[in-house]
Amino acid sequence: QPIESCTDENLATLTLDKLGKLLRNFGQFVSDERLLPKYAYASPGALYATQLYLELKGCAGLPPAIYYYHPVHHCLLPIASLQPTKDPVFRLHFVGNRQAIEPVYKNNLREVLEMETGHMLGLFDELLPELGLHVHQAALLRGALPEWYQGSHDDDYLGCYVVDHQPVAASRVQPELYLQMQQPLPDLDAGLYQYQAGELHF
């Protein structure tokens with residue numbers, strides 16, 4: 001369902017109704033025609049092990065707090081109270097639940113959780129401009145679990161992202177491309193190669 005735009009592009013104009021319509025896209029969609037619930041974003045193995053927390057101050061008429069978004073019941077559960085600030089604050093925190101993926105993925109658990117986080121951020125990138133808002137990577141990208149987190153100490157903190165009205169600046173960083181060959185080919189030995197200037201370098 002389309003989200004009504006915030007015409008003055010200000011977090012203070014974000015209503016609870018608009019926030020709810022935004023977050024609805026991150027919850028389960030259940031249908032009698034499908035065996036399993038569906039989501040609007042992809043998840044490796046369809047495990048949906050990345051948890052979404054919102055840090056809200058002066059937004060949507062809600063008390064300043066950390067909220068957990070429950071994707072099944074589509075509700076915000078307050079986790080920890082915060083001190084109010086002069087300006088509105090809207091931050092996204094992602095935490096990966098390792099126990100949810102360990103039975104399927106034995107290795108590279110953090111990478112799997114980061115992939116799902118990327119899909120969620122991609123959906124925010126698509127939806128937030130309808131509200132005149134954008135999502136930015138915050139300085140705190142990795143690290144220890146926040147003090148307010150009530151889950152397992154083995155879970156992964158996947159970073160904090162800021163939501164505001166500032167457009168996202170284009171990145172000048174060029175990605176590095178690698179190719180890993182598990183089996184040799186007639187003109188290519190097995191191993192890890194870096195792709196540069198149209199050529200593969202061993």
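The model is predicted, so local features need pLDDT of at least 70 and side-chain atom pairs count only at pLDDT 80 or more, while totals for chains, interfaces and linings use all residues. Residues are numbered from 1 along each chain as its sequence is written, and side-chain values use heavy atoms, leaving out hydrogens and water.

Start with the whole chain. Its C-alpha atoms fill a box of roughly 65 × 40 × 40 Å along the principal axes. Of the 202 residues, 38% are buried (under 20% relative accessible area, 1.4 Å probe, protein chains only).

Next, select residues 109-127, which form helix 3. This helix has 19 residues and reaches 28 Å from first C-alpha to last, close to the 27 Å expected at 1.5 Å a residue (1.5 Å times one less than the number of residues).

Now show the side chains of helix 3. Its buried residues are L109, R110, V112, L113, E116, T117, M120, L121, L123, F124 and L127. In an α-helix there are 3.6 residues a turn, so residues three or four places apart point the same way.

The buried residues of helix 3 pack against helix 1 (16-24) and helix 2 (98-101). They also pack against strand 1 (50-57), strand 4 (89-96), strand 5 (134-137) and strand 6 (156-164). Contact means heavy atoms within 4.5 Å.

Definitions and conventions
Buried means under 20% relative accessible area, exposed over 50%, partly exposed in between (1.4 Å probe, protein chains only). Helices (H or I, at least four residues) and strands (E, at least two) are DSSP runs, numbered from the N terminus.
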